[in-house]
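Subject: Structure for you to look at

Hello,

Here is the structure I promised to pass on. Please open it and keep it beside this email while you read.

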Amino acid sequence: LSKGRLRLRFATVLLRFGVGGFIERFFVWDYSTMPAVVNYGGDDDFYSGGSFYTNSTDLGRLCSISSQVDVYYPPRKRARITAPFVVGETLFEQSKQASIDVLPDECLFEIFKRLPGGRERSSCACVSKHWLMLLISIRKGEYESSKAVKENTDSVSDEDDGYLTRCLEGKKATDMRLAAVAVGTSGHGGLGKLSIRGSSSSSGVTNFGLSAIARGCPSLKALSLWNVPRVGDEGLSEIAKECHLLEKLDLCQCPSVSNKGLIAIAENCPNLTSLSIESCPKIGNEGLQAIGKLCPKLQSVSIKDCLLVGDHGVSSLLSSTSSLLSKVKFQGLNITDFSLAVIGHYGKSVTNLMLSGLENVSEKGFWVMGNAQGLQKLVSLTITSCRGVTDVSLEAMGKGCANLRQMCLRRCCFISDDGLVAFAKSAGSLESLQLEECNRITQSGTIGVLSNCSLKSLTVVKCMGIKDISSEAPLSCCNSLKSLSVRNCPGFGTAGLAVVGRLCPQLQHVDLSGLCGITDAGLLPLLESCEAGLVKVNLSGCLNITDKVVLALTRLHGGTLELLNLDGCRRITDASLMAIAESCVFLSDLDVSRSAVTDSGVAALSRAEQLNLQVLSFSGCSRVSNKSLPSLKKLGKTLLGLNLQHCNSISSRTVELLVETLWKCDILF
């Protein structure tokens with residue numbers, strides 16, 4: 001809106017809501033034309049520079065003394081003259097300050113309180129920063145319209161629903177933008193979720209900006225603050241004081257927030273259900289104790305790299321919220337065996353537990369946690385870089401968690417094959433097992449796990465102890481296993497694949513990415529043994545496989561295959577694409593990046609009538625050139641994503657033509 005139109009609308013609003021006295025004090029009106037002003041519906045007239053009237057005594061117009069200022073004038077409104085002028089001259093001296101700007105802040109405050117709704121407040125906020133600052137100083141409950149709603153219990157306000165979401169990142173995260181959000185969202189449903197990803201710049205968000213949100217957005221339910229060093233206890237306390245509906249709080253890298261701010265949240269936000277704190281060096285045990293005592297609805301808590309948090313805070317939090325707390329994550333904390341004993345005893349409702357980097361927790365702590373028999377509802381357990389996890393403690397956790405279905409062990413260097421097999425036997429409900437960088441685990445351990453429990457998914461990543469061992473001994477089949485992922489284990493090769501093929505005939509998902517040692521001779525028996533039909537196959541980085549594998553794969557599993565990744569398989573040629581075009585019916589995702597395919601292979605794919613590819617990647621295929629343009633256009637009828645990065649034989653002009661034609665497809669080049 002133009003400045004003139006904003007001021008006219010503002011005056012109209014004042015007259016409508018009975019504050020005309022303010023206008024009469026600071027404006028001179030011709031009351032015979034007042035209806036024309038109130039009901040004004042014509043076009044705005046603007047004049048630039050100099051005098052625009054022929055008669056210098058005509059005071060029915062408002063003019064400018066500056067040649068650089070555009071002037072708006074409504075009909076027959078007399079200007080308020082604050083300085084002497086000479087009749088008969090072509091110019092007269094007038095104050096440069098607009099008459100509305102001489103209103104004291106107290107008057108503007110009272111006027112703004114009587115604005116009927118969010119749209120009018122937003123219009124006034126657009127006039128100047130000064131007006132914006134005045135508007136955000138008014139709490140939501142201080143507006144006359146809000147008071148009327150409170151008095152009438154039958155009326156419902158649509159401004160407090162809190163379904164709007166706003167996210168400010170980097171340089172856009174400033175106090176002024178937060179102030180604008182606070183005013184602008186009030187008339188459009190109310191702010192429900194606010195996420196701030198700040199920076200350490202001097203113009204970042206401060207307590208002032210957060211206070212503006214608190215006063216203007218009482219409907220706020222979720223607040224996330226990342227990397228906002230200038231926001232401290234004052235801003236968080238304002239949020240606590242005004243936003244009583246707050247349910248989720250996420251604090252990351254907030255060095256100025258201490259226990260005081262967290263205590264204020266606990267005292268004023270009883271509906272808090274989720275709390276996440278990361279790298280906040282001033283938050284310690286006192287804040288967590290207050291959360292535990294005053295937030296009975298807490299369901300999820302995550303605390304990471306907070307050095308002041310110890311056993312007292314963790315134990316108080318868990319013992320006070322044990323009835324509803326279901327998700328717990330502790331990482332990099334100075335807690336001991338005592339905290340894990342409390343988890344094992346009071347975690348009766350915990351379903352997801354993540355423990356990482358707990359250097360002061362010994363084998364005894366994990367053993368007690370398992371034997372306490374309190375984690376009967378635990379479904380998912382993830383343990384990373386904890387020296388206290390040994391064969392003995394792992395078996396105890398398997399016995400104490402009767403309903404455990406998902407287990408992930410990362411960088412647990414003291415676990416051996418014996419402990420893993422004992423855990424698999426004791427955890428009767430286990431369905432998914434993930435092992436990462438557990439270097440004492442060998443192929444014997446994984447075979448023992450598959451033979452002793454009904455796993456549905458097994459993932460082994462960077463376990464250097466996995467070596468090829470040929471086994472002719474009879475093995476009991478694991479018919480339950482549907483997904484197998486062995487990634488970046490350099491010792492896993494042909495013999496290991498042969499064992500997997502014999503053990504797991506019902507595989508549907510196979511991920512062997514990064515296994516440079518496997519060859520056609522190892523993969524072919526695995527493909528032939530899969531009876532259920534493979535759905536997803538990832539062979540990226542398997543440098544030694546050839547077209548023989550793809551031909552066998554399409555022949556045996558072309559009717560079920562949906563995803564095939566051959567990224568980096570440099571010996572794959574057009575023969576593979578032709579086989580895919582002929583046999584694959586449901587394939588939707590194909591990646592042949594950095595392979596030896598050419599334009600002929602692309603053309604073969606385009607001729608396949610049954611193919612409905614949605615994602616296709618030729619990244620790094622130097623033999624795919626501009627000649628493939630017609631084929632890519634034909635394939636693009638169903639594509640949602642096309643990767644042509646590092647295709648040096650495809651020109652920019654060809655890509656431009658594809659972008660114009662395939663407007664539904666996201667093209668990377």
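Please note that the model is predicted.

Start with strand β11, residues 380-384. The strand is mostly covered, and five of its five residues are buried. Which way do the residues of β11 point? S380, T382 and T384 point one way. L381 and I383 point the other way. In a regular strand, side chains alternate between the two faces of the sheet.

Now look at the strands that pair with β11. Strand β10, residues 352-356, pairs with β11 in the parallel sense, over five bridges. To get from β10 to β11, the chain passes through helix α15, residues 363-371. This β-α-β crossover is right-handed.

Strand β12, residues 406-410, also runs parallel to β11, and five bridges join them. Here I383 has L409 in β12 as its bridge partner. Helix α16, residues 391-400, forms a right-handed β-α-β unit with β11 and β12.

Next, find F208. This residue sits in helix α9, residues 207-216. Is F208 buried or partly exposed? F208 counts as partly exposed because its relative accessibility is 38%, and that class lies between 20% and 50%.

What does F208 touch, leaving out residues up to four places away in sequence? The contacts are M133, I136 and D175. F208 and D175 are 33 residues apart along the chain, yet their C-alpha atoms are separated by 6.6 Å.

Best wishes

Methods:
Residues numbered from 1 in each chain as written. Predicted model: local features only at pLDDT ≥ 70, side-chain atom pairs only at ≥ 80, totals over all residues. Heavy atoms only, no water. Helix = DSSP H or I, 4+ residues; strand = E, 2+ residues; numbered from the N terminus. Buried < 20%, exposed > 50% of the residue type's maximum accessible area, 1.4 Å probe, protein only. Contact = heavy atoms within 4.5 Å. Pairing = 2+ DSSP bridges. Right-handed = clockwise from strand over helix to strand, strands pointing away.
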